[in-house]
Amino acid sequence: MHRVLLSVLLSAVLVGAGSSAVFALQAGGVEIGDLETGSVVGQAFNALDVDLEFTAMEVGGKKAWYPPTGVLPLSREGTGARGGRPVLLKVTNSLDKEHGFNLSAASSQSGPWSMDIKLVLKPGETKYIGIPISDLTYVTSSNVLNYKCHLHAAHLGGQLLILR
Ligand SMILES: [Cu+2]
């Protein structure tokens with residue numbers, strides 16, 4: 001509960017400072033929107049590459065966010081060289097009822113920074129989530145984020161691994 005309280009306090013500070021953060025419980029400048037109109041830290045979603053795509057679907061008779069594991073390579077070596085380019089996630093609900101996408105820092109994470117991105121997708125709907133690199137720096141001391149449907153506890157989620 002301590003971490004939640006800190007997060008709330010932080011949100012209050014951000015709101016008080018006139019931050020443009022849309023959702024109270026998320027760190028920094030995460031933005032959720034459509035490909036055509038969305039932007040994050042001043043960069044249009046449609047000018048960015050999609051890093052990872054998640055789809056709510058039925059897998060073996062169970063509703064799940066697929067794939068069950070995502071890997072986000074942020075290292076500067078190799079093909080990386082992304083500089084400060086924000087991360088862009090594409091989430092699609094391919095099912096015929098509303099489902100949620102909740103991306104949050106693993107419970108082992110400590111410190112005052114928290115990430116708790118939540119959105120609800122209508123049947124067939126696609127949304128994009130833009131995450132500034134700086135947000136990932138602060139919230140993922142364990143380099144693991146969890147994702148799940150927060151509307152239905154039985155729905156299978158997954159883990160997003162961040163490689164640095
Ligand atoms: Cu669900």
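The legends below describe close-up views of a predicted model.

Residues are numbered from 1 along each chain as its sequence is written. Local features need pLDDT of at least 70 and side-chain atom pairs count only at pLDDT 80 or more, while totals for chains, interfaces and linings use all residues.

**View 1. Secondary structure of the protein chain.** The protein chain has 2 helices and 12 strands; both kinds of element are DSSP runs, numbered from the N terminus (helices: H or I, at least four residues; strands: E, at least two). Along the sequence the pattern is α-β-β-β-β-β-β-β-β-β-β-α-β-β. Of the 164 residues, 24% count as buried, where buried requires 20 or more other C-beta atoms within 10 Å of the residue's own, with C-beta atoms placed from the backbone. Among contacts between residues at least 6 apart in sequence, 70% join residues at least 24 apart; a contact has the two C-beta atoms, placed from the backbone, within 7 Å.

**View 2. The open sheet S1-S10-S7-S4-S5.** This sheet has 5 strands with mixed pairing; two strands pair if DSSP finds at least two bridges between them. Strand S1 (31-33) and strand S5 (62-66) stand at the edges with a single partner strand each, so one side of each has no neighbour in the sheet. Neighbouring strands are turned by 20 degrees against each other on average, direction ignored; the axes are lines fitted to C-alpha atoms, and angles run from 0 to 180 degrees between N-to-C directions. S1 pairs with strand S10 (residues 126-131) in the antiparallel sense over 3 bridges. Glu31 stands opposite Gly130 in S10.

**View 3. The open sheet S6-S12-S11-S8-S9.** Pairing is mixed among the 5 strands of this sheet. Strand S6 (69-73) and S9 are the edge strands, each pairing on one side only. The twist averages 15 degrees from one strand to the next. S11 and strand S12 (residues 158-163) are antiparallel, paired over 4 bridges, and Val144 stands opposite Leu161 in S12.

**View 4. The largest nonpolar core.** This core has 25 residues, and those with the most contacts inside it are Trp65, Leu89, Phe101, Ile129 and Tyr147. A nonpolar core is a set of buried Ala, Val, Leu, Ile, Met, Phe, Trp, Tyr and Cys residues joined through C-beta atoms within 7 Å. At least two core residues come from each of strand S4 (52-59), S5, strand S7 (87-93), strand S8 (99-105), strand S9 (116-121), S10 and strand S11 (144-148). S7 supplies the largest share, 4 residues.

**View 5. Surroundings of Leu89.** Leu89 touches Asp51, Leu52, Phe54, Tyr128 and Ile129, not counting residues up to four places away in sequence.

Technical notes:
Buried ≥ 20, exposed ≤ 12 C-beta atoms within 10 Å, placed from the backbone.
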